[in-house]
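Morning, everyone. Please have a look at the model on the screen, and then we'll walk through it together.

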Amino acid sequence: MKYLVVGPSWVGDMVMAQALFMSLKHQDPQAEIDVLAPGWSLPIIARMPEVNKGIAAPWKSGELALKAQWRLARTLKGYDKAIVLPRSFKSALIPFFAGIPERVGFSGEGRSILLTDARRRHPTRDGSTITDKTVWRYMGLGASKADYENYQFDVPQPSLTIDKANLKDVMGKLGLDPECPVIAICPGAEFGPAKQWPLENHRALAEKLVQQGFQVWIMGGPKDVESGDEIANGQESVFNLCGKTRLEDTVDLFSHCRKVVSHDSGLMHVAAASGAEVVAIYGSTSPDFTPPLTDKATIVRHPVECSPCFERTCRFGHYNCLTGISVQRVLEACQ
């Protein structure tokens, strides 16, 4: 069976999608899986041994790019089945244009006409709604209709390939000590401030970790540089690496860490799939839906009446679900 999987647009979702790829290979070890996804994700897809190749999607966020989709679709031949993970109309167009005989995805946005198997997003059992884990949705699209209706899956743990030569090279270029034990802190969260533990708490945590003999790496993208500076500035053995590494470098650096402290973010999932022990801080979201897919995770939460609300900002302005998590509690989770 030759699959074309249309992948998601978020880092964490792409990592969770590896569970689907692993499941497909378990069902059929000879399965050939190609993944159509945003260009930024190709380096991380290349770290997934189940995937034959990644194909750069011809669209950007908010654009349809019909001509580009049509041109790419005409080059995609020989696939037996397409699995469309995003729920947008445009994401189902290329498999349709390519004439792939089986096309599975979620219904909605009027795109059922583009799919041969359009499935409900929220299955129910015995009339009651059940937990709608993101990874279950992905794995469900690779399962039969009957198994999807049961909506209960044994989730394999995503595992990204580590390039030890690249790790050594990156650490050398960044001037990092390979002998001193490391704990990484990831202060960012694309979703919004309702996921983000206060920066002053991150800074205090970094200070205490250094006192215990660790070097601390602040990890994130270009948008996190300012936050990283606020945490690291003036602190010995605290390194702001935000914006200084490629995504594949981050995979390798995480594999070297004793622990990775992160919000519910894409880097949390990358860290888990890199084999690191994860301390996952949850605010407005819930590990019932997007847990780190590893048995080496410690979940840190401060339940309040309005949590989880799944909103980007706190409607009440207090952010108690995050401010109620003490530095000492996260420090203990790092032990």
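What is the strand order in the open sheet of six strands that contains β1? The order is β3-β2-β1-β4-β5-β6, and the pairing is parallel. Before we go on, a word on where this comes from. This is a predicted model, so local features need pLDDT of at least 70, side-chain atom pairs count only at pLDDT 80 or more, and totals for chains, interfaces and linings use all residues. Residues are numbered from 1 along each chain as its sequence is written, and side-chain values use heavy atoms, with hydrogens and water left out.

Some terms, quickly. Helices (H or I, at least four residues) and strands (E, at least two) are DSSP runs, numbered from the N terminus. Two strands pair if DSSP finds at least two bridges between them.

For angles, axes are lines fitted to C-alpha atoms, for helices over the stretch in contact, and the values run from 0 to 180 degrees between N-to-C directions.

Look at β4 (residues 81–84) and β5 (residues 102–106). They run parallel, joined by four bridges. K81 stands opposite E102 in β5. Helix α1 (residues 11–27) lies across β1 (2–6), β2 (32–37) and β4, at about 160 degrees to β2.

Next sheet. This open sheet also has six strands, with parallel pairing, in the order β11-β10-β9-β12-β13-β14. At the edges are β11 (238–240) and β14 (297–300), each pairing on one side only. The twist averages 20 degrees from one strand to the next. Helix α8 (residues 199–211) packs on this sheet and touches β9 (182–186), β10 (215–218), β11 and β12. Contact here means heavy atoms within 4.5 Å. The direction of α8 makes about 180 degrees with that of β9. Five bridges join β12 (residues 259–263) to β13 (residues 277–281). One partner pair there is H263 with I281.

Now the aromatics. Rings of Phe, Tyr and Trp (its six-membered ring) pair if their centres lie within 6.5 Å; planes under 30 degrees apart are stacked, over 60 edge-to-face, and the rest tilted. That rule gives four aromatic pairs. F96 and F97 are a tilted one, at 6.2 Å centre to centre and 55 degrees between the planes. Buried means under 20% relative accessible area, exposed over 50%, and partly exposed in between (1.4 Å probe, protein chains only). So F96, at 35%, counts as partly exposed, and F97, at 17%, counts as buried.

R74 lies over the face of W70, 4.7 Å from the ring centre. The rule: NZ of Lys or CZ of Arg must be within 6 Å of the ring centre and within 35 degrees of the ring normal.

Last stop: is helix α11 (residues 266–273) mostly covered or mostly open? Mostly covered, with eight of its eight residues buried. Among them are G266, L267 and M268. The buried residues pack against α1, α2 (42–45), β9, α10 (247–255), β12 and β13. After α11 comes G275, with a positive phi near 95 degrees.
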